[in-house]
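Please keep the sequence and the 3D view open beside it.

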Amino acid sequence: MFEALSDRFDGIFTRLRSRGRLSERDIDEVAREIRIALLEADVNVAVVKSFIARVKERAQGAEVAKSLSPAQQVIKIVHEELVTTLGGATGKLTMSPKPPTVVMLAGLQGSGKTTAAGKLARLLHSDGGRVLLVGADLQRPAAVEQLRVLGERVGVPVYSEGRDPVKVVKGALREADRLDATVVIVDTAGRLQIDADLMDELRRVGKAAQPHDSLLVVDAMTGQEAVSVAEAFDDAVGLDGVILTKIDGDARGGAALSVKEVVGKPILFAGTGEKLEDFEPFHPDRMASRILGMGDVLTLIEKAEEAFDREEVEEVEAKLRKGELTLEDFLQQMRQVRKMGPLQSLVGMLPGMPKELRDAEVDEGELGKVEAIICSMTPDERRQPSLINGSRRLRIARGSGTTTQDVNALLKQFKMVQQMMRQVARGKRPQLPLPGR
Amino acid sequence: MSNVLVLVGIFVLAAFLIVLGLGLSRRAQRQGPAEDRPDATGIASTTPATRARPRLHDRLAKTRATLAGPLQALRIRGRVDGETWDDLEEALLLADVGVATTGRLLDELRANALQLAASEPAQVIELLKAQLVAELDGDTDRSLTRADAGPTVWMFVGVNGVGKTTAIAKLAQREAGDGHTVVLAAADTFRAAAAEQLAHWGDRVGAAVVRGQEGADPGSVVFDAISAAQARGADLVLVDTAGRVHTKVNLMNELEKLRRVAERGPGVLTEVLLVIDATTGQNGLAQARQFADAVDVTGVVLTKLDGSAKGGIVLAIEAELGIPVKVVGVGESADDVVPFDPVEFVGALFA
């Protein structure tokens with residue numbers, strides 16, 4: 001899934017080596033990749049264009065931070081711009097000074113309005129609000145039943161009487177007065193944005209409800225359509241915010257950016273699962289990383305900067321270039337890598353990791369074993385593993401509390417790693433000797 | 001210092017590989033044998049009934065009228081230039097065809113256009129259409145397969161909110177209208193009131209609905225429905241399953257089990273249909289891949305094509321996974337389910 005930016009990232013890395021200020025060429029080079037990444041994440045074509053233009057403007061002549069390559073610098077700018085675009089206050093509805101606050105949910109069929117209504121009711125109810133759920137979806141069979149079941153689970157009343165959504169809303173407002181409700185959540189029928197009749201009906205429902213918050217409910221898996229959907233609904237009822245649903249899948253969620261760009265109002269909440277409590281304030285920064293498909297490179301860079309001693313790294317880098325890495329250097333590096341946190345999470349943050357590695361379970365205990373084996377070797381053996389014969393192997397295994405098979409496996413793997421690094425030193429992409437391939 | 005990240009990457013990898021090497025001996029390969037396709041014997045494909053049915057073309061007419069084609073400007077320009085290709089790329093991307101598939105299609109188109117010396121934009125568009133139709137047409141079997149004896153079982157799967165229940169209702173109506181006796185299995189026991197929704201439809205279209213309690217084991221519902229169909233001499237069982245995000249391992253396992261139950265019963269499971277919403281973007285491919293892995297999907301039902309969404313992701317699904325689109329949903333009424341037609345679909349892509 002996360003192939004777009006991340007995989008190409010490494011390639012750009014080696015191509016761009018300039019220092020100081022970002023040149024136009026640097027920016028163009030990366031902009032191309034960013035464009036593809038955004039398109040693969042389902043950001044609308046037109047939105048991609050305007051977004052890239054903004055990024056270019058910002059990146060022009062920007063200073064390259066010491067710890068970053070120019071490519072990384074541009075990515076950082078892109079990330080920041082994404083966060084800014086997606087950002088704004090989140091998780092807060094506009095509350096009416098005079099209760100009840102009316103929230104209306106609208107969107108395409110299947111975007112998750114009814115579920116979102118239930119989740120929002122739960123959230124506000126647990127914050128001490130007196131919530132009334134209103135079933136104004138009279139199109140889909142059993143939509144009102146679904147809302148009633150959800151209302152029962154949350155413990156809030158559900159109102160829906162009659163066959164006309166406008167009348168349902170009017171009745172609901174009276175009911176809200178009677179119940180002294182502080183929040184009214186109106187669930188409307190799903191509709192296509194090009195269906196003139198139904199969009200007109202929505203306009204009338206909106207007029208009757210006079211919502212303080214008209215929220216568009218958008219599925220995170222939506223493609224290019226997100227823009228025309230947002231435009232049409234904004235036209236019809238004047239949106240105040242967005243709820244992004246189903247972000248628990250692996251969709252990159254570019255629709256969030258498309259919608260935000262069109263509507264200009266904050267994305268307030270995100271639906272993160274099937275249960276009623278799977279509902280969170282929207283996090284622009286996480287969404288930005290996700291749209292870029294970059295794992296969490298920035299966190300990784302920060303961690304690396306903390307954990308690594310610059311001089312050491314330079315030393316090792318020099319050795320690496322000559323293909324002279326020893327088990328001793330390896331041990332040292334491994335210890336530093338481990339300082340950065342659990343291996344599993346590091347693997348997850350790395351861009352361009354094959355899925356097999358990303359999903360594999362890392363046993364941290366095995367790392368301790370690796371360390372023990374290397375520590376049981378003499379310095380000579382570490383520098384020159386070919387010295388290790390049968391009796392030395394046995395000694396190392398005993399000393400580290402492992403078996404000779406373990407020692408053999410480690411030596412074999414290290415040889416492969418060395419070869420891999422020589423490839424890297426020659427500027428090639430390492431071929432991973434994955435098991436089972 | 002620009003290489004910090006590269007180094008980190010390498011060392012994490014290195015450490016990781018060694019861990020793998022040590023652990024390998026103890027870890028069994030977890031990959032199970034690929035699930036077999038259902039036995040082909042005893043299954044015969046029947047041609048669709050001859051009753052006049054709405055066609056994709058008729059249903060898309062409304063949509064087309066409301067949209068100014070993105071390629072209109074392109075058509076009236078005189079010659080093929082760089083802008084032509086940019087416009088074509090944009091049209092394909094806007095139809096959710098995806099970056100990779102778009103790139104491949106345009107590469108092929110460039111070669112074709114060069115070979116045929118196509119010099120006008122209109123010609124190039126026609127070439128692209130022909131190319132797409134040829135790719136979709138092939139010898140793909142898009143018919144819904146039926147069993148020779150015993151109730152035929154079609155199972156519907158997909159992520160949440162794509163329109164599984166509605167698609168089933170429409171198909172039930174069509175099949176009932178063609179003289180089949182249909183039983184609906186309400187195996188979505190998770191979503192509140194999902195069974196009620198199906199029951200409403202069952203009443204409307206005259207199909208029996210077998211349901212369990214909310215939260216009941218969906219497997220038992222499926223088994224009961226097929227047994228009931230057998231007992232009543234019904235010839236078609238449509239199984240509605242709970243929507244599930246394809247990345248949830250336990251839910252996908254549950255679906256695998258459901259498929260096995262459907263196979264074990266007295267009926268014959270001939271179709272596992274993945275329902276995909278036409279507004280879905282690039283994630284549609286991931287959905288198809290995961291569902292195909294879990295339950296060996298036999299076809300795609302593309303819903304909500306009556307909107308302005310083009311459903312271009314099915315091009316990638318067909319090309320990369322070889323799963324054909326079999327049925328298209330184009331509206332709210334029960335009549336609005338039509339066989340997939342490559343020519344009309346491609347036409348609509350560039351409407």
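1. I begin with A:Lys246, which is buried, with 27 other C-beta atoms within 10 Å; a residue is called buried if 20 or more other C-beta atoms lie within 10 Å of its own, exposed if 12 or fewer, and partly exposed in between, the C-beta atoms being placed from the backbone. A:Lys246 lies in the loop between strand S6 (241-245) and helix H10 (255-263) of chain A, where helices (H or I, at least four residues) and strands (E, at least two) are DSSP runs numbered from the N terminus. The phi of A:Lys246 is near 60°, a positive value in a residue other than glycine.

2. Before going further, please note that this is a predicted model, in which local features need pLDDT of at least 70 and side-chain atom pairs count only at pLDDT 80 or more, while totals for chains, interfaces and linings use all residues. Residues are numbered from 1 along each chain as its sequence is written, and chains are lettered from A and ligands numbered from 1 in the order in which they are written.

3. Two further backbone details in chain A deserve a look. Most residues other than glycine have a negative phi, and most peptide bonds are trans. A:Ala142, which is not a glycine, has a positive phi of about 70°; A:Ala142 is placed in the loop between strand S2 (131-136) and helix H6 (143-154) of chain A, and is buried, with 22 other C-beta atoms within 10 Å. The peptide bond that joins A:Pro99 and A:Pro100 is cis, with omega about 0°, and A:Pro100 is found in the loop between helix H4 (70-86) and strand S1 (101-106) of chain A.

4. Which residues of H3(A) are buried? They are A:Val47, A:Val48, A:Phe51, A:Val55 and A:Ala59. Seen down the axis of H3(A), these buried residues fall within an arc of 95°, so they line one face of the helix, the arc being that of the directions from the helix axis to the C-beta atoms. The face turned away from the buried side of H3(A) carries the exposed residues A:Ser50, A:Ala53 and A:Glu57. Just after H3(A), A:Gly61 takes a positive phi of about 70°.

5. Helix H6 of chain B (residues 121-137) can be read in a similar manner. Its 17 residues should span 24 Å at 1.5 Å a residue, which agrees with the 24 Å between its end C-alpha atoms. In H6(B), the residues B:Pro121, B:Val124, B:Ile125, B:Leu128, B:Leu132 and B:Leu136 are buried, and, seen down the axis of H6(B), its buried residues fall within an arc of 110°, so they line one face of the helix. H6(B) is followed by B:Gly138, whose phi is positive, near 40°.

6. Helix packing is the next topic. Two packed helices are described by the angle between their axes and the distance between the axes. The axes of H6(B) and helix H13 (residues 342-349) of chain B come within 9 Å and cross at roughly 140°; axes are lines fitted to C-alpha atoms, for helices over the stretch in contact, and angles run from 0 to 180 degrees between N-to-C directions. H6(B) and H13(B) are therefore oblique to each other, given that angles under 35 degrees count as roughly parallel, over 145 as roughly antiparallel, 65 to 115 as roughly perpendicular and the rest as oblique.

7. Helix H7 (residues 164-177) and helix H8 (residues 194-205) of chain B pack at an angle of about 20°, with their axes 10 Å apart, and are therefore roughly parallel to each other.

8. For chain B as a whole, the secondary structure comes to 13 helices and 10 strands, and buried residues make up 52% of its 351 residues.

How values were computed
The expected span of a helix is 1.5 Å times one less than its number of residues.
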